[in-house]
Amino acid sequence: PRGQEYRDAVVMAVEQWKTQNGPMIGGHQIMVVSEDDGSTGSDVTRLAAERLLKQPGLVGVLGPQCSAGAVRTEMIYADAGIVMISGSATSTNLAEDQQGDGFFFRTAYRNDSQGVLVGVYFSDPEFLGANSAYIVHDNETYGTDLALKAESFLVVADLQVTVTSVDRGTVDFSDLASEIAQANPDAMFFAGFNPEAILLLRQLRDAGWNGAYTSGDAVCGAANCEFLAGLGDLVEGAAFSGCSPPLDPAFVAEFAEVHDGRVPTAAFIAQYSDATTILLNSVKSVFREEGGALVIDPKELRDAVSAATL
């Protein structure tokens, strides 16, 4: 699961930071406490936030994983003066439209950037050179935003575009698959998650549609992702938008040491590592000691994170 990979990317980055900066900050241990945020289950994310806020000495949160969770918890953390840095929440205006005093940050790219990639990939004759496309989203915060951004760029590129949706948790896509097979678009883009992406492609092929199947970073971010493993030869020709940077072999090896010997398969490993480094550097830059206690002004930490560079 992606969440476990992002947790272990944080653990790895903490150990790297300790190697370079020492094992403690102001004589205090650096501790990582993890909670399952439920991905798109925003109520689960809220409960996870409430549990984290009960942790003594909490200074920052690395997450949540999904855009819906970020929307659901931004005021919870802001009211508590806790910086939140997500490495994977990509809905376009999360940071710009956030409530509260600006305690939400992210190291992930935005969905409008993915929309540009989709538009170029579909329209450019060097890639698909498509004239028609279907876009299917899952009615979630991430998927809806990504679909709308992709649609806007495909329309500008003069493609005939049909946008439709399914609900998260759907397993029977036969009606939609038949509709798409009958319309026979050159390509389609699915803005959502697995297992829906896996089930949809399988049923599209069963319905006889052989066009180009594409999806976003939430479906597949690496060579060993769940989507590829679940479909075998059916994935031939599938493509995924996103900007996951190539990982240095030494970075991958360090990650595997933390992650039970397994290499990354999720899209935002590097972004969570960067988020961790930014948070720790910012804490180090603003803390002060008073009577043996570590004192951190929430707004000073927020401003340090805002100004951070790597």
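**Reading a predicted fold, step by step**

Guide: Buried means under 20% relative accessible area, exposed over 50%, and partly exposed in between (1.4 Å probe, protein chains only). This is a predicted model, in which local features need pLDDT of at least 70, side-chain atom pairs count only at pLDDT 80 or more, and totals for chains, interfaces and linings use all residues. Residues are numbered from 1 along each chain as its sequence is written, and side-chain values use heavy atoms, with hydrogens and water left out.

Visitor: Where is L52 placed, and which residues does L52 touch?

Guide: L52 belongs to helix α2 (residues 42–52). Helices (H or I, at least four residues) and strands (E, at least two) are DSSP runs, numbered from the N terminus. Contact means heavy atoms within 4.5 Å. Not counting residues up to four places away in sequence, L52 touches V33, E35, L58, V61 and Y77. L52 and Y77 lie 25 residues apart in sequence, with 9.8 Å between their C-alpha atoms.

Visitor: How do I read a sheet?

Guide: Strands of a sheet pair through backbone hydrogen bonds, either parallel or antiparallel. Two strands pair if DSSP finds at least two bridges between them. Here, three strands form an open sheet in the order β3-β4-β5, with parallel pairing. Its edge strands, each pairing on one side only, are β3 (60–62) and β5 (104–106). Strand β4 (residues 83–86) is joined to β5 by three bridges; S86 has R106 in β5 as its bridge partner.

Visitor: Which helix packs on this sheet?

Guide: Helix α11 (residues 298–306) does, touching β4 and β5, and its direction makes about 25 degrees with that of β4. Axes are lines fitted to C-alpha atoms, for helices over the stretch in contact, and angles run from 0 to 180 degrees between N-to-C directions.

Visitor: Are the faces of strand β9 covered or uncovered?

Guide: Both faces of β9 (residues 212–215) are covered: A212 and T214 on one side, Y213 and S215 on the other, are all buried. Strand β8 (residues 187–191) pairs with β9 in the parallel sense over four bridges, and A187 has A212 as its bridge partner.
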